[in-house]
Amino acid sequence: MSDNIEAVKPRYELLDGLRGVAAVLVIWYHFFEGFATSGLDQMMNHGYLAVDFFFVLSGFVIGYAYDGRWKKGMTARHFMLRRVIRLHPMVVFAVLLGAISYLLQGSVKWDGTPVSPSFVIMALVLGLFLIPVMPGAGADVRGNGEMFPLNGPSWSLFFEYIGSILYAIVLHRLPKRALQAVVVVSAIGLAACAFANMSGVYSIGVGWSMASGGFIGGFFRLSFSFSIGLLLSREFKPRRIKGAFWICAGIIAFLLACPYVGGSEPSPWNAVYDLVCTLLLFPVVVYLGASGNTTDIFSSRVCNFLGELSYPVYIVHYPVMYMFYAWVWANGYTFAEVWPVCAILFPCIIVFAWLTMRYYDKPVRAWFSKRLLK
């Protein structure tokens, strides 16, 4: 998720709002995940692409906020300290919440195998420090190979940190041509991963597990999207586009909700769709969003609300999903039978994320910022 509160320049309200739109759609993507038999038949099929959109936003906003600071004395240490303060309080909160969720489920893997408390503690410690769990290791407490089995979405924060480190050490120094080369090489690598069918369904929805080249796939997802966002921030010349927020929000919703491309069997055409979205359409959406301005109080409030909630919603919703999945699978429910539960859980997740942001995340970040960022 992008760094939007530390910039001394004016914020891009529309981009904040679009990040929130994508985060909200991820909730529904994960609701539907509980009823899918594979990546072929899942409703809101391409919701995993929200992560790639987040990475483009991160590159754009970080470049916009920080590129000009390096000549004024910004150091890699200071930059990374700011990023840790921005991101890690919620990482800690979410993995603790995930541990509670896991204990409430009975401390068993998805197949019902009991898990030793020592392995749960190991998974918790690794999650607190964003150290990935290897598939099949003792700390793989759910047994499905997640990097962070107590809070699955933490995998994208792991790569977000990698992007921040690369920016602090290398990327902020690169001239235009060198950064363009990074973008091109990353695009080739991402395309190779997609057509190599690392996901099993010709998608780029990899990176959440270290299995089957997941780290390589996740890295190329990060390196392309973050770099293209950074390049876009340096080349950006704003245009005045009316209704940009609503136009872009509609585009994002359409792209993420698109059914699997290619029919009922794994198809390379789905890889083509993912690559078109990531390599072309998401940078265009960010450009359009950055070119618009909110012209009324309602739009401004919507964008600000969604922007503030985007990160808390994204990082805390999945422990709820773990319990939801366990309940659905244990009883063999269909979506038609439990959609009212989803309709109730959705606003509850939003409210919980807001309370977490208001009474935990903001105060903790303010406390650390006051003491460490003088």
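Helix α8, residues 244-257, gives the most to the lining of the second largest pocket, with three residues. The model is predicted. Its largest pocket holds about 1000 Å³ of space, and its largest nonpolar core has 104 residues.

**Second largest pocket**
- About 250 Å³ of space lies in this pocket.
- Its lining is made of 14 residues, and those nearest the centre are Ile 241, Lys 242, Gly 243, Asn 293 and Thr 295.
- By type, the lining has four nonpolar, seven polar and three charged residues.

**Largest pocket**
- The space in the largest pocket is about 1000 Å³, and 41 residues line it.
- Tyr 29, Glu 33, Gly 205, Trp 208 and Tyr 318 are the lining residues closest to the centre of the largest pocket.
- Helices α1, α7 (214-235) and α11 (318-331) each supply at least two residues of this lining.
- The lining of the largest pocket divides into 19 nonpolar, 18 polar and four charged residues.

**Nonpolar cores**
- Within the largest nonpolar core, of 104 residues, Leu 18, Phe 53, Phe 79 and Tyr 167 have the most contacts.
- Helix α1 (residues 13-33) gives the most to this core, with 13 residues.
- A second, separate core has eleven residues, including Val 95, Ala 99, Val 133 and Val 141.

**Contacts of Phe 79**
- Apart from its neighbours within four places in sequence, Phe 79 is in contact with Ile 62, Tyr 66, Trp 70, Met 74, Ser 164, Tyr 167 and Ala 168.
- Both Phe 79 and Tyr 167 are among the residues with the most contacts inside the largest nonpolar core.

Terms used:
Residues numbered from 1 in each chain as written. Predicted model: local features only at pLDDT ≥ 70, side-chain atom pairs only at ≥ 80, totals over all residues. Heavy atoms only, no water. Core = buried A, V, L, I, M, F, W, Y, C linked by side-chain atoms within 4.5 Å. Buried < 20%, exposed > 50% of the residue type's maximum accessible area, 1.4 Å probe, protein only. Helix = DSSP H or I, 4+ residues; strand = E, 2+ residues; numbered from the N terminus. Contact = heavy atoms within 4.5 Å. 1 Å grid on protein atoms, 1.4 Å probe; cavity = no way out; pocket = protein on both sides within 12 Å on 5 of 7 lines; lining within 4 Å. Points joined across faces, edges and corners; volume = space filled by probe spheres on them. Nonpolar A, V, L, I, M, F, W, Y, C, P; charged D, E, K, R; others polar.
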